[in-house]
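Have a look at the model first, then read on.

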Amino acid sequence: MEATVVKTGTEGKTWGGGNRPLRASYGKLMMWFFIVSDALTFSGFLASYGFSRFKFIDAWPIADEVFTHFPFLHGVEAPMYYVALMTFILIFSSVTMVLAVDAGHKMQKNKVILYMFLTILGGIAFVGSQAWEWATFIKGDYGAVETKGGRILQFLNTEGERVAIADFATNIPGARESHAESNGVWYKQEATQTTYTFEEVKAGFLANDEILIRTQYLNEAGEPTVLSREESINKLTNDGALVVEGANLRHNEYGHPLFADFFFFITGFHGFHVFSGVIINIIIFFNVILGTYERRGSYEMVEKVGLYWHFVDLVWVFVFTFFYLV
Amino acid sequence: MAHEHKLAIFKGSLKFKSNIQKIWGVFILLSIVTVVEVALGIVKPEFLTGTKFLAMKLLNWIFIILTLVKAYYITWDFMHMRDEKSSLRRAVIWTAVFLICYLVLILLIEGDYIYEVYRNNYIKFNF
């Protein structure tokens with residue numbers, strides 16, 4: 001037996017293993033490694049957002065003109081308030097998480113259960129808020145016209161207020177019919193049509209002298225340029241191509257399509273992190289209820305999932321700044 | 001696991017009696033910073049948007065600095081970085097900060113260059 005047992009002769013020495021130079025357990029250390037790599041992923045996204053923004057710096061949408069809605073407040077201009085509320089929900093769920101970790105250190109099972117539960121509620125509230133934000137963004141407010149070059153033209157009245165295309169577009173009967181199965185032998189489903197065609201918007205615009213066009217180009221004051229009536233007519237008749245309502249990955253009535261792409265991608269990826277954080281929290285929550293960590297004698301698992309949850313909060317702080325504030 | 005918490009923030013000028021108190025203290029601090037950010041974002045004071053420092057509006061500098069302040073307190077107090085050994089802290093923070101700064105610098109310079117090309121050369125986007 002003696003000959004088959006492998007011993008290095010370093011047991012108990014520095015290189016013999018079993019000592020923890022960083023005074024953190026394997027699991028916690030690996031969670032930190034994961035967080036570093038995930039932080040680099042997110043900064044890759046945010047840096048490429050910055051790249052595209054710098055590339056089109058003179059025509060980038062202004063965030064507080066894009067996100068102006070608050071639930072149940074129709075027609076009230078409320079820039080930033082909703083996203084500030086979302087930030088508070090997430091920071092507060094971070095607080096309950098760190099309270100759960102603290103209760104875990106003291107082996108207070110019932111407090112851990114309560115605080116984990118509140119954290120999960122906060123996470124669900126945040127994901128729900130984000131879904132509402134997406135729905136509002138996709139639906140759009142005023143509608144706009146896209147030029148042949150993919151630039152966005154928005155409409156203003158002479159007082160400088162935004163005008164929705166629905167308010168001035170004339171209805172041209174039979175201007176555009178959606179192809180339906182009943183109309184032909186050959187039927188191929190087509191993409192969703194906008195409420196008004198470009199011809200209808202153009203006719204309404206030409207008939208209405210009060211309406212001006214605003215381009216995406218920012219003037220010296222950092223505000224989008226408003227064209228004179230003559231320039232507006234020229235611009236729309238020469239360059240206009242199609243009507244855009246709301247935003248998707250190809251068209252975006254608020255401005256450059258890349259803005260919508262990055263919005264969907266970055267907040268979507270972050271929302272996916274929150275969602276998976278909620279799932280992991282629920283698993284740990286049930287483990288706490290079942291007494292797994294009580295028997296194990298340590299609530300370190302709560303601390304590890306807490307690290308992930310705080311990281312999600314940390315990412316949101318940056319997304320909030322670079323998408324909504326700067 | 002049951003290691004001691006460091007209970008002082010602001011370089012020791014604000015001491016808390018227990019870890020729970022410190023958590024609420026940090027929460028209040030983060031809330032104040034967020035409220036200031038949102039208020040500045042809504043009001044957009046003229047003297048902050050008009051003045052530029054290193055090619056960026058003063059207001060944006062304030063936003064970015066306040067964001068870093070929030071990130072510091074989330075990492076240090078919520079993620080317990082304050083209680084970890086300095087070797088772990090440096091392995092995590094320095095790595096991330098160095099790589100992120102490098103990436104951001106490279107991409108922003110490149111983005112600005114492409115903007116200049118579109119503006120001054122023959123390639124145009126405005127039609």
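## Helix packing in chain B

In this predicted model, B:Lys22, B:Val26, B:Leu29, B:Leu30, B:Val33, B:Val36, B:Glu37 and B:Leu40 of helix 1 of chain B touch B:Leu59, B:Ile62, B:Phe63, B:Leu66, B:Val69, B:Lys70, B:Tyr73 and B:Asp77 of helix 3 of chain B. Contact here means C-beta atoms, placed from the backbone, within 7 Å. By type, the residues of this contact split into twelve nonpolar, no polar and four charged. Nonpolar covers Ala, Val, Leu, Ile, Met, Phe, Trp, Tyr, Cys and Pro, charged covers Asp, Glu, Lys and Arg, and the others, Gly among them, count as polar.

Here's the pair's geometry:

| Item | Value |
|---|---|
| Helix 1 of chain B | residues 19-43 |
| Helix 3 of chain B | residues 58-78 |
| Packing angle | about 165 degrees |
| Axis separation | 10 Å |

That angle makes helix 1 of chain B roughly antiparallel to helix 3 of chain B (angles over 145 degrees count as such).

## Chain A

A:Asn183 sits in the loop between helix 5 (165-168) and helix 6 (198-207) of chain A. Is A:Asn183 buried or exposed? A:Asn183 is exposed, because 10 other C-beta atoms lie within 10 Å (12 or fewer count as exposed). From A:Val83, A:Asn183 is 100 residues away in sequence and 46 Å away in space, C-alpha to C-alpha.

## Conventions

Residues are numbered from 1 along each chain as its sequence is written, and chains are lettered from A and ligands numbered from 1 in the order in which they are written. Local features need pLDDT of at least 70 and side-chain atom pairs count only at pLDDT 80 or more, while totals for chains, interfaces and linings use all residues.

Key:
Helices (H or I, at least four residues) and strands (E, at least two) are DSSP runs, numbered from the N terminus. A residue is buried if 20 or more other C-beta atoms lie within 10 Å of its own, exposed if 12 or fewer, and partly exposed in between; C-beta atoms are placed from the backbone. Axes are lines fitted to C-alpha atoms, for helices over the stretch in contact, and angles run from 0 to 180 degrees between N-to-C directions. Angles under 35 degrees count as roughly parallel, over 145 as roughly antiparallel, 65 to 115 as roughly perpendicular and the rest as oblique. Two residues are in contact if their C-beta atoms, placed from the backbone, lie within 7 Å.
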